[in-house]
Amino acid sequence: SRIIAKVLEDNKVPGAICSLVCGGADIGTAMARDERMDLLSFTGSTKVGKQVALMVQERFGRSLLELGGNNAIIVFEDADLNLVIPSALFAAVGTAGQRCTTARRLFLHESIHDEVVAKLAKAYAQVRIGDPWDSDTLYGPLHTKEAVKMFLGAVEQAKQQGGSVVYGGKVINRPGNYVEPTIVTGLPHNAPIVHTETFAPILYVLKFKEEEEVFAWNNEVKQGLSSSIFTKDLGRIFRWLGPKGSDCGIVNVNIPTSGAEIGGAFGGEKHTGGGRESGSDSWKLYMRRST
């Protein structure tokens, strides 16, 4: 906030235009209901976003919503595994899985499934866990005790629904809300837990046979934020980018679901809310059109 205030003041604009207020749902509710707020941009869960949208719409205000994600990486049999393993690791484990663009579903072609799982588990074992302030740390804690409870609940549900934990799944015995980065295999693509966004480092690895079915599985969840395929087939890449491909707001090829968003329009479809930030879309959405 201070940095932005300085930039504004250097450009002869009052610094107070950018203000930071810390508080709970009461502040958010007041902003959503206030007629003076022409546009309200909200980032958070789908559940809270729905309440914000209704409150703002009630007074015919405008809302820009950045809500949940349940992002998939699809790996075809011709993919370069030297790209796949670090990408899947970064997308699933980065920020300890607490990112709206975190990879939560990893679809592997049946012919490479076992090989990728083995390599990924080996990569998970090398993740440096520690204090996020330490520059050597790759993986820090979850943000609350509640998040740890949700993590454990999700792992339990995954087991009950037929999944096998091949890596992690437990709380780490050290001060702070640390949990093991977790890989679960063997679940069907439509298991209820696979369709639930748990804001934690749990990756569901799922097997597929055909392109058509796996594109449909990518699109069958309620969220539509980020998506990614790994392949060398140009025809397949164009189908993925086209109208019968990914229905997400962010559609990646041979890169992970998170990390490359800042220059383009960031945001997603369906229960992700439909908002777009970054790039030229930022100013378009913060303006009003007159013809």
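1. A nonpolar core here is a set of buried Ala, Val, Leu, Ile, Met, Phe, Trp, Tyr and Cys residues joined through side-chain atoms within 4.5 Å, where buried means under 20% relative accessible area with a 1.4 Å probe and protein chains only. The model is predicted, with local features needing pLDDT of at least 70, side-chain atom pairs counting only at pLDDT 80 or more, and totals for chains, interfaces and linings using all residues. Residues are numbered from 1 along each chain as its sequence is written, and side-chain values use heavy atoms, with hydrogens and water left out.

2. The largest nonpolar core has 56 residues, of which I74, V75, L187 and Y204 touch the most other members. Helix α4 (residues 81–93) supplies the largest share of this core, eight residues; helices are DSSP runs of H or I, at least four residues, numbered from the N terminus. A second, separate core of eight residues includes L40, V52, V56 and L65.

3. Helix α4 packs against helix α5 (residues 113–124) at an angle of about 55 degrees, with the axes 10 Å apart; axes are lines fitted to C-alpha atoms over the stretch in contact, and angles run from 0 to 180 degrees between N-to-C directions. That makes α4 oblique to α5, since angles under 35 degrees count as roughly parallel, over 145 as roughly antiparallel, 65 to 115 as roughly perpendicular and the rest as oblique.

4. Helices α7 (residues 211–219) and α8 (residues 234–241) pack at about 30 degrees, with their axes 12 Å apart, which makes α7 roughly parallel to α8.

Key
Buried < 20%, exposed > 50% of the residue type's maximum accessible area, 1.4 Å probe, protein only. Helix = DSSP H or I, 4+ residues; strand = E, 2+ residues; numbered from the N terminus.
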